[in-house]
There are 2 protein chains.
Amino acid sequence: MARTASLSGFPEWLPQERVVEQHVLDTLRRVFELHGFGSIETRAVETVGQLLRKGEIDKEVYGLSRLQDDDDSAAKSDPNALALHFDLTVPFARYVVENAGYLAFPFRRYQMQKVWRGERPQEGRAREFTQADIDVVGDGELPFRYDVEIVLVIAEALSALPIPEFRLRVNNRKLSEGFYRGIGLEDTAGVLRSIDKLEKIGAEKVAELLRTELGATQEQAEAALKLATIQTTDTSFVEQVRALGVEHPLLEEGLTELEQVVAAASSRAPGKVVADLSIARGLDYYTGTVVETVLVGHEQLGSICSGGRYESLASKGSKTFPGVGLSIGVTRLVSRILSQEFATASRSVPTAVLVTLNDEDSWSAAQDVAAQLRARGISTEVAAKADKFGKQIKFADRRGIPFVWFTDAEGAHQVKDIRSGEQVAADPAVWTPAEEDLRPQVIARVAAEV
Amino acid sequence: MARTASLSGFPEWLPQERVVEQHVLDTLRRVFELHGFGSIETRAVETVGQLLRKGEIDKEVYGLSRLQDDDDSAAKSDPNALALHFDLTVPFARYVVENAGYLAFPFRRYQMQKVWRGERPQEGRAREFTQADIDVVGDGELPFRYDVEIVLVIAEALSALPIPEFRLRVNNRKLSEGFYRGIGLEDTAGVLRSIDKLEKIGAEKVAELLRTELGATQEQAEAALKLATIQTTDTSFVEQVRALGVEHPLLEEGLTELEQVVAAASSRAPGKVVADLSIARGLDYYTGTVVETVLVGHEQLGSICSGGRYESLASKGSKTFPGVGLSIGVTRLVSRILSQEFATASRSVPTAVLVTLNDEDSWSAAQDVAAQLRARGISTEVAAKADKFGKQIKFADRRGIPFVWFTDAEGAHQVKDIRSGEQVAADPAVWTPAEEDLRPQVIARVAAEV
């Protein structure tokens, strides 16, 4: 990992690192599909109008223009101009609206794609990176139980990855907003934005913001901050909130919802989920459950998985499509896995066997041996030249191929494990390497649980 | 397939169509890995200078600029400006040069990614599409045998896809260039460009081009055209070329090379490969083997897989990296598979089983059943509401889920195949659906061979 990207913010992996990334993507796919999420991909390109509709700051977006167009300054202010998506939620909302007639609701999908943001690159923040999203979207309504379920699915998926302990920090917008209303603060979005800064600027400065910018009294500011300090791994947060003596129907709704999530998680994914009433999430479209996730001991990396419930991510005429979804920062996770060596690949090539050549005329016979091995799922290469055997073995060694295959002039076969030096007679129709040698293994230094 | 893309040239698939695309990508990955090709991905973004270095026409390239930059007209002429890659070969060449010290040569990789071209979209030509490339790259030298091998790998990969008969049309640049030199035409690149137009404009017009633009005599033009008419499924093209009475050392070299490819292919992949001496390939960097591929009966779709040998795709100081590679047009193939219904997915969801709810309190027990099924690889969803069973069954039916699971108040389990109506007692620890119901199947109307 001494290498740096040749374009800042655009990471690329070496083959051995890519094996680890593939393992992460394959694992997520497996868990998502086991839970009934199907794959979709959306185009990388959206119209500028679509991307900025939800009020996302525009400086993060990369606009596109064909190189031979001389003047595109006009095009850029055109809402039909093209730009690269900066997340997978906005494109997914468009996809749902466009294809609603073809989808069976509640529609469950996962989506693992690259997204782009023109920000200044820094540790944990790239300009091109892969996200893995799951969402469940309803047509008109979506039972709350999907909030509980999606948190459990993500906890299971993250548990299957070679990463250290993580913690899903869960809150509920209704709970916070109901509480703020209950203490007489009506600009709940403003309060959430201030509370969102708690970890960055501290309680005192947040209190000042609440007083100066939102006209809160000292008492109101203190109550809002008290709520944000509540953190429990079980449902005891409910009592702690009640002890603050605030009442509001929305607060009650939020308490009941968050209680369901935390109750299910504490029994089904113990230790993975905490109720954390400081979690606000900046984006306006969340309306209930909100989630951020930290790697324990790597909090400065930022959230590795975020999302929540949105009552109306998309709408079409009078129809609305409520949803709940979470997004894993795959590139952020893989970068950390590699830089901290949480996991490494046992080799960089899929190849298990190199079939050597006796002489230049034996290439075709060697291909026959290779075909027999491949037919049983064993990745095999054939030497391109009849070099001395020592050179052919070195070739395999240099590429990290564990076995070399010899066929003598009489057609007798032998296979050699070049790590141990052990060489045995073998039949290409039946010989099989040990399971752990069949393909590159991703070896976790921290234990994955699934 | 009545849907049209909401942005012309940017196709998106419905979940059921995406299952077919995933099958194509998974199949290619499996075959490539069996042959020792490892995965890499490169960033979507290159510098304009890098992209235009090989003389590719610039009008196909999408430049990037951050939306908030007011003036980027200057940036566009800047070779360090960013743009989206238009193929995977140019980025791969850069990757090899940048990482040469970390790669084991001959380096074999596959790469399956989206690429972008700002062209006018038309049938078989999109602005965003997926390519699947394999290349073998050497450090300084690369034995010719890799040319033979890569043609065989691609023939095997394409044979495993649910597509009709295909034909790899193979030629060799040395053969053509040697022949042109042998008849006294020295601007071999010019002749190749003219011959490349043969299918579009016909023999007469090509002859005219050769005479007027390249100063060929009538006799030279006729000889060049005669060479281009030679097409054989075995190595008999060698005799046919010799019968034209032209001699040149480069011609001999090309004949020997192409003979090796066609000889190996005619025994190992009979009927898949033809020597076709009209194949020229526009791009200048090819120096030996060149390949184009047609779907028989769908020739107007254009080439579905192209590439060849390049003696110096990349260089670093005095080092050169010769390679041989082929690129499959995945989106072009998948579009055709879907529009012609060469294959369809048996269902759009991964889910095999919906676990129903007896009452609202049974959700947790239903999750236990689901967890047992998932632990054995069976994709399972749990109903979100304790609706009447008829409604829960309809829910499964609407989503295309084949089985529903019932657990009564006493904990007795039954599973129902909602297609046949058959319902049986079942144990969540051992019950397994039939193999073909376990996950969505891609059913080929045309037979895949592997």
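1. Basis of the note. The model is predicted, so local features need pLDDT of at least 70 and side-chain atom pairs count only at pLDDT 80 or more, whereas totals for chains, interfaces and linings use all residues. Residues are numbered from 1 along each chain as its sequence is written, chains are lettered from A and ligands numbered from 1 in the order in which they are written, and side-chain values use heavy atoms, with hydrogens and water left out.

2. Between chain B and chain A the rule finds 16 salt bridges, each a side-chain nitrogen of Lys or Arg within 4 Å of a carboxyl oxygen of Asp or Glu. Glu41(A) and Arg18(B) form a salt bridge, with 3.5 Å between the closest N and O atoms. Helices (H or I, at least four residues) and strands (E, at least two) are DSSP runs, numbered from the N terminus.

3. Nonpolar cores. A nonpolar core is a set of buried Ala, Val, Leu, Ile, Met, Phe, Trp, Tyr and Cys residues joined through side-chain atoms within 4.5 Å; buried means under 20% relative accessible area, exposed over 50%, and partly exposed in between (1.4 Å probe, protein chains only). The largest core has 109 residues, and Leu28(A), Phe32(A), Leu158(A) and Ile328(A) have the most contacts inside it. Helix 5 (residues 145–159) of chain A gives the largest share of this core, nine residues. Another core, of 108 residues, lies apart from it and includes Tyr110(B) and Leu338(B).

4. Leu158(A) and the cysteines. Beyond its neighbours within four places in sequence, Leu158(A) is in contact with residues including Phe166(A), Cys305(A) and Ile328(A). Cys305(A) is buried, at 0% relative accessible area, and Cys305(B) is likewise buried at 0%. A search of the whole structure finds zero disulfides, a disulfide being a pair of cysteine sulfur atoms within 2.5 Å.

5. Six of the eight residues of helix 7 (residues 188–195) of chain B are buried, among them Val191(B), Leu192(B) and Ile195(B). The cover over these buried residues includes helix 6 (173–182) and helix 9 (203–214) of chain B. Gly282(B) is in the loop between strand 9 (273–276) and strand 10 (289–295) of chain B, and is partly exposed at 48% relative accessibility. Its C-alpha atom is 9.9 Å from that of Ile195(B), 87 residues away along the chain. Not counting residues up to four places away in sequence, Gly282(B) touches Arg173(B) and Asp196(B).

6. Backbone points to check. The peptide bond from Phe105(A) to Pro106(A) is cis, with omega near -5°, and a cis bond also joins Phe105(B) and Pro106(B), with omega about -10°. Pro106(A) lies in the loop between helix 4 (89–99) and strand 5 (107–116) of chain A. Glu341(A), which is not a glycine, has a positive phi near 50°; Glu341(B) also has a positive phi, of about 50°.

Definitions and conventions:
Contact = heavy atoms within 4.5 Å.
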